[in-house]
Amino acid sequence: MMILISQCDMKQTRKMILLANFLAIAIVLNLIESAIALSPVPGAKLGFANVITLIILYVYSFKDSTALTLLRVILVGLLSGRLLGPTFYMSLSGAAAAIIAMGILKKTNFFGILGVSVVGSIFHVFGQIGAGIFVIGSTAIIYWMPLMLLLSIPAGVITGLIGKRFVSVWDTWHNKIEN
Amino acid sequence: MIEGKKDSTNKRDILLITILLLVVGGLFLYFQLFQSTGEANYAHVYYGSSNDPIVTIDFVKNEIVQYSQQDVPNQYGSFPIIDEGKRTITLLGDYEINGVRQIVVIQYDFGLKTVQIIEEESPNNICSREGASTGKPLICLPNRVRVEFETNDDSDFTV
């Protein structure tokens with residue numbers, strides 16, 4: 001009995017520590033991306049930190065992934081001093097749109113991790129542009145949408161490939177530890 | 001069995017990506033061709049989420065029309081500052097350095113019909129790196145200042 005309980009605790013603790021590590025990685029990825037400004041569009045990002053959202057979605061659950069993504073956006077807002085600023089709302093909306101789209105698409109089991117990642121990336125753009133329209137009170141930002149969408153597809157493929165590789169390595173590693 | 005399923009999702013993924021690339025690529029090309037026509041007659045300068053321009057640069061009559069004052073706290077003075085000699089319009093942006101809001105300097109050229117953001121403070125300087133624009137909207141997001149162009153000839157009848 002004692003052993004059973006401690007094993008259960010062990011699993012929970014391990015999961016918690018791993019999630020904390022994932023969160024730290026996601027925050028660093030997000031900060032790097034906002035510092036190097038790969039995107040030509042004001043306030044918009046390609047969403048390379050989404051790779052962590054994607055991985056958590058596959059190795060844990062939609063709930064964990066959502067919590068982690070929201071925490072990441074809020075913490076990056078705090079760290080960069082942009083909390084509740086115009087770009088914060090764009091990030092939040094983009095991240096939320098991406099996680100919802102990826103969660104639903106994963107449920108259908110019709111596409112693999114690569115397809116889910118690309119669709120998530122596209123919805124990340126929709127979410128950001130949608131919030132951008134409200135933030136600047138003008139539809140002028142739509143001008144950049146085709147370019148952002150075009151860039152988001154390769155970005156989604158890259159995150160998808162990384163995610164795919166990660167999940168296959170994770171499966172062997174995690175099974176070895178848990179059993 | 002599992003291998004077979006994996007193969008088919010892989011194929012579907014690649015098909016999905018190809019279709020998306022074609023659709024988005026088409027949209028992109030369409031926009032590129034569609035928006036490269038004509039030069040602007042007006043450039044409107046906005047601040048915040050307002051849809052009423054503060055200043056309009058009229059490329060038809062070659063004049064600057066100011067509609068209103070920018071709503072800023074008293075200690076900053078009054079904005080916009082229009083300098084017809086240097087051909088600049090200066091607005092107060094939202095971006096703060098050490099708690100002090102920074103200015104955004106917009107330069108216009110009646111001859112070339114261009115507008116350019118020549119000075120602003122923001123993390124990535126996206127809007128000033130954009131250079132001179134003849135029709136592409138200039139959006140300084142952290143500063144919440146934007147310049148939009150209008151090509152419509154009839155607009156002065158409707159205003």
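Residues are numbered from 1 along each chain as its sequence is written, while chains are lettered from A and ligands numbered from 1 in the order in which they are written. In this predicted model, local features need pLDDT of at least 70 and side-chain atom pairs count only at pLDDT 80 or more, whereas totals for chains, interfaces and linings use all residues.

Reader: What is the pattern of elements of chain A from the N terminus on?
Author: Helices (H or I, at least four residues) and strands (E, at least two) are DSSP runs, numbered from the N terminus. On that basis chain A has 6 helices and 0 strands. From the N terminus on, its elements therefore read α-α-α-α-α-α.

Reader: Why is chain A described as being as compact as a globular protein of that length?
Author: The radius of gyration is taken over C-alpha atoms, and the globule rule is 2.2 Å times the number of residues to the power 0.38. The C-alpha atoms of chain A fill a box of roughly 65 × 35 × 25 Å along the principal axes. For 179 residues the globule rule gives 16 Å, and chain A is as compact as a globular protein of that length because its radius of gyration is close to this, at 17 Å.

Reader: What share of the residues in chain A is buried?
Author: A residue is buried if 20 or more other C-beta atoms lie within 10 Å of its own, exposed if 12 or fewer, and partly exposed in between, with C-beta atoms placed from the backbone. Among the 179 residues of chain A, the buried share is 44%.

Reader: At what angle do α5(A) and α6(A) pack?
Author: Axes are lines fitted to C-alpha atoms, for helices over the stretch in contact, and angles run from 0 to 180 degrees between N-to-C directions. The axes of α5(A) and α6(A) lie 7 Å apart, and the packing angle is about 140 degrees.

Reader: Which helix gives the most to the side of chain A that touches chain B?
Author: Two residues are in contact if their C-beta atoms, placed from the backbone, lie within 7 Å. The contact between the chains takes 25 residues from chain A and 30 residues from chain B. On the chain A side, α4 (86-108), α5 (113-136) and α6 (145-178) each supply at least two residues, and the residues of that side divide into 18 nonpolar, 7 polar and no charged. The helix that gives the most, with 6 residues, is α6(A).

Reader: What is the order of the open sheet of 5 strands in chain B?
Author: Two strands pair if DSSP finds at least two bridges between them. The secondary structure of chain B comes to 3 helices and 9 strands. In the sheet of 5 strands the pairing is antiparallel, and β3 (63-66) and β8 (138-140) are the edge strands, each pairing on one side only. The order is β3-β2-β1-β9-β8.

Reader: How many degrees does the twist average from one strand to the next in the open sheet of 4 strands?
Author: This sheet of chain B is antiparallel, with the order β4-β5-β6-β7. Its edge strands are β4 (81-83) and β7 (114-119). From one strand to the next, the twist averages 35 degrees.

Reader: How many other C-beta atoms lie within 10 Å of I54(B)?
Author: I54(B) is found in the loop between β1 and β2 of chain B. Not counting residues up to four places away in sequence, I54(B) touches several residues, including V45(B), Y67(B) and P80(B). I54(B) is buried, and the number of other C-beta atoms within 10 Å is 21.

Note on methods
Nonpolar A, V, L, I, M, F, W, Y, C, P; charged D, E, K, R; others polar.
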